[in-house]
Amino acid sequence: MALLYIPEILSLIFIDAFQNATSSVWTLRSVNRTWFYVAGSTPQLWKRLVLNRKSDFTNLDYAEFYLQKSALLPINVLIMLPDDVDVDEIGGVTALLRDQTSRFRSFKLQVRIHEELEAFISSIGEGRPAPLLENLVLKIQRRPKSGNVTEFLSLPAAFTPSPRLAHIELPGWPMPATVPPCPHLSTLTSLTMDAMAFKWGVGLREIIDILDSSPALQHFVFKAPDDFSYDITANLDYPHIISLPDFLTADVTAPGSGADLLRAINAPRLRDVRLDGFRKDTSKERWETSLTGPLSATVHHLSLRSPNLQRLVLEYTVFRSPLEDYALIFSKAGFPQLEEVLLIRTDINDKALLTAGRGPSRFVRGRGSDFSLTLHGCRKVTQQDIIALSTIVKGYVQ
């Protein structure tokens with residue numbers, strides 16, 4: 001009788017192996033006849049459909065086989081358009097997947113240029129509901145050589161409704177249309193915008209519109225090579241603040257526009273901020289006031305609007321007034337709940353680090369024993385400064 005349970009036991013083992021990403025369904029099916037049968041009759045093993053070869057687009061047998069084997073279970077679809085597949089060769093795949101959007105749990109698409117993204121999204125998702133969709137990731141590898149890019153028009157009309165959609169990752173340019181409001185944004189808790197493939201400034205007003213339309217947002221990642229601050233909050237026609245009551249974490253890579261975005265957000269529950277101001281070698285010494293001013297203003301705004309901040313990471317940042325700005329960071333009045341500060345290749349110097357009564361001595365005073373202050377690659381801080389700081393810390397901890 002025990003032999004009757006072998007397929008069920010094998011099926012559970014296979015499912016567990018797939019959850020830990022250690023096995024391939026094709027490997028399992030090649031072991032022996034029993035494994036071939038069990039793997040082929042376990043729908044949970046066929047929930048991840050990956051299309052990344054030319055043959056996947058010229059012959060639909062592979063995709064149809066996966067869809068059949070996964071039965072009616074939710075599926076995760078990953079499409080990486082190969083270099084040897086042209087956009088006019090995707091029609092078979094898009095037509096096949098268009099009838100499956102109600103089963104999508106995640107949909108991830110990586111293409112070369114924006115026009116290919118539009119073709120996929122409009123063909124597969126336009127007017128199609130995605131009631132189970134939780135994760136939508138759209139990536140563009142490069143901008144077109146001509147520099148001309150059409151608007152991002154397909155997303156607002158695609159995969160609707162999608163009441164479970166919680167995470168979206170978008171190219172940083174062009175922005176999807178939000179007027180009329182993009183229905184996907186109202187349920188978002190996590191948003192990533194990646195503009196690293198583009199060498200010019202991103203549309204901050206459009207990003208602010210997206211944030212304004214995402215009231216439930218908790219986590220935001222913004223990546224851009226942008227060097228310049230557009231001071232968006234000052235240039236708008238009226239004082240504009242983005243209210244995000246549930247906002248918890250912000251990870252921003254951009255010395256100028258990233259600071260502007262952080263400064264425009266009112267997030268009383270914000271607890272973790274990373275601001276990376278890295279710039280290319282050709283411009284790393286060019287920190288004019290158009291950048292240092294907004295960085296300083298951003299820290300001051302965070303201290304006023306986000307009193308529950310617990311972790312602050314600054315990388316490659318330069319302040320207009322280092323003494324005043326670091327004094328605010330370290331002060332109990334500025335950030336009363338701050339327990340972890342990481343300064344990585346910033347402009348902090350010995351005076352800012354050790355100013356009596358204002359720097360880390362006040363930061364340490366009154367805080368818990370599990371607080372952390374880390375300095376890495378800060379060239380203006382010497383080893384003697386670190387030793388002196390350690391003495392201060394030991395004095396207050398004891």
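First, the ground rules. Residues are numbered from 1 along each chain as its sequence is written, and side-chain values use heavy atoms, with hydrogens and water left out. Because the model is predicted, local features need pLDDT of at least 70 and side-chain atom pairs count only at pLDDT 80 or more, while totals for chains, interfaces and linings use all residues.

Let's start with Ile-168. Ile-168 sits in strand β5, residues 167–171. Helices (H or I, at least four residues) and strands (E, at least two) are DSSP runs, numbered from the N terminus.

Is Ile-168 buried or exposed? Buried, because its relative accessibility is 1%. The cut-offs: buried is under 20% relative accessible area, exposed is over 50%, and partly exposed lies in between, with a 1.4 Å probe and protein chains only.

What does Ile-168 touch? Leaving out residues up to four places away in sequence, the list is Leu-136, His-184, Leu-188, Ser-190, Leu-191 and Thr-192. Contact here means heavy atoms within 4.5 Å. Lys-108 is 60 residues from Ile-168 along the chain, and their C-alpha atoms are 9.8 Å apart.

Next, the neighbouring strands in the pairing. β5 pairs with β6 in the parallel sense, over five bridges. Two strands pair if DSSP finds at least two bridges between them. His-167 stands opposite Ser-190 in β6. Strand β6 covers residues 190–194, and four of its five residues are buried. β6 also pairs with strand β7, residues 219–223, again parallel and over five bridges. There, Asp-194 stands opposite Lys-223 in β7.

Now the helices. Two packed helices are described by the angle between their axes and the distance between the axes. Helix α6 (residues 91–98) and helix α7 (residues 114–125) have axes that come within 8 Å and cross at roughly 40°. Axes are lines fitted to C-alpha atoms, for helices over the stretch in contact, with angles from 0 to 180 degrees between N-to-C directions. From α6, the contact uses Thr-94, Leu-97 and Arg-98. From α7 come Phe-120, Ser-122, Ser-123, Ile-124 and Gly-125.

Last, the cysteines. Cys-182 is buried, at 6% relative accessible area. Cys-378 is buried too, at 7%.
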